[in-house]
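Please look at the sequence and the structure before reading on.

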Amino acid sequence: YHFLAPSLYFYVITINLKEYKDYLIFQTHHMKLIAVSVVIPVYNKYNFLERSLNSLKKQTIQNFEIIYIDDCSTDNSLTFLLDEMKQNPNIRVIQHTYNQGTCASRNQAVLASRGDYIMSLDPDDEYFPDSIENSYKNAIKYDADVLEFEIFVTTTTKNFTLKTCRNNFNDNTYMLTNLQEFNYYRTNWNVCKKIIRGSIYHQAVNLIIPFVENKRICNGEDLLHNGVIFILMKNYICGHFYAYLYYKGLEGSAFKTGYDSRKQSAIQSRTSKLLAHYFYLNRDDLSKCSLKDFLKDNNNRIMYENVLDIVRKPIKNCIMGRLFN
């Protein structure tokens, strides 16, 4: 469907899923040349959106797009984003018509992206003014499939740095085998700490979706994404520069806001690890991977079945939920 408004063009994509629509896309126009897509999953982060968006407005590079995925927020997040989109042609907004979780939001954002490379920003964090330009130019310079940069972390009591990796790799064996230990401090699996070649990220998400499309996953999706990206990549570069300002532990931030119980969060993270390991075992022929085959393992099946299903019903407090009620 297409709707014309005085100052805004709505491009709406619908997917019939039982009696409800899946998501809506809002955008002002199509950009032609896009170096980087910045994907930002949002759920009830209205209080932080202005700060993070201001950091994007100050970027030293202009040919990038911002893709916001609003996961059926019940605060003023969507209203803020649509108002900003009217003034900024770089912004595209997608809203889920029911809550689907961070994994589904990130998947949708990646598939909607059109940039040569993809970066991820949490709505309560910031970029430095030259973050996108430095990341993109270094990725191009070294022909990186994945380029990892440094993160500056600030808390209410102290500041510190998450350093980048020490060595570059033109073979994925080292990163893959290290990831299987699932030691975060040895192999960082934050997607926000990297710029990733768009074609590889698209391929990874298309492989992942059949395994998670019915599950509401808010924890461990970073690990799952990197688990597949590491299989598909070859050239991994360590960029020794700051590109991300991470606000850790602030009230209302993504770090402090638990979307599920501790038990459910642990189940989601464990399932992501099992899926990443399953893809690793089948890395020589990913075409053999299927949910049916994954669930043949009893441990995989039990863990998977304990992940909460997506409730495909609009939330009344969600702006688009009200539209469909």
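One disulfide is counted in this model, where a disulfide is a pair of cysteine sulfur atoms within 2.5 Å. A disulfide is a covalent bond between the sulfur atoms of two cysteines. Here Cys 165 and Cys 238 form the disulfide, with their sulfur atoms 1.9 Å apart. The torsion about the S-S bond of Cys 165 and Cys 238 is about -120°, so this disulfide is left-handed. The two cysteines are 73 residues apart and link distant parts of the chain: Cys 165 sits in the loop between strand 11 (159-162) and helix 5 (173-179), and Cys 238 sits in strand 13 (residues 236-247). Helices (H or I, at least four residues) and strands (E, at least two) are DSSP runs, numbered from the N terminus. Both Cys 165 and Cys 238 are buried. Buried means under 20% relative accessible area, exposed over 50%, and partly exposed in between (1.4 Å probe, protein chains only).

The model is predicted: local features need pLDDT of at least 70 and side-chain atom pairs count only at pLDDT 80 or more, while totals for chains, interfaces and linings use all residues. Residues are numbered from 1 along each chain as its sequence is written, and side-chain values use heavy atoms, with hydrogens and water left out. The pLDDT is the predictor's confidence in each residue, from 0 to 100. The protein chain averages a pLDDT of 89, and 87% of the residues score at least 70. Over residues 1-20 the pLDDT is below 50, and this stretch has 41 contacts in the model beyond near neighbours in sequence. Contact means heavy atoms within 4.5 Å.

The protein chain has 11 helices and 13 strands. Of its 325 residues, 57% count as buried. Among contacts between residues at least 6 apart in sequence, 79% join residues at least 24 apart.

| Residue | Relative accessibility | Class |
|---|---|---|
| Cys 103 | 2% | buried |
| Cys 218 | 12% | buried |
| Glu 221 | 6% | buried |
| Gln 108 | 15% | buried |

Helix 3 (residues 102-112) and helix 7 (residues 221-232) pack at an angle of about 45°, with their axes 9 Å apart. Axes are lines fitted to C-alpha atoms, for helices over the stretch in contact, and angles run from 0 to 180 degrees between N-to-C directions. Helix 3 and helix 7 are therefore oblique to each other. Angles under 35 degrees count as roughly parallel, over 145 as roughly antiparallel, 65 to 115 as roughly perpendicular and the rest as oblique. At the contact, Thr 102, Cys 103, Arg 106 and Asn 107 in helix 3 meet Glu 221, Asp 222 and His 225 in helix 7.

Glu 221 touches Thr 102, Cys 103, Arg 106 and Ser 272, not counting residues up to four places away in sequence. Helix 3 is mostly covered, with 10 of its 11 residues buried. Gln 108 is also in helix 3. Leaving aside neighbours within four places in sequence, Gln 108 is in contact with Tyr 23, Ile 69, Ile 94 and His 96.
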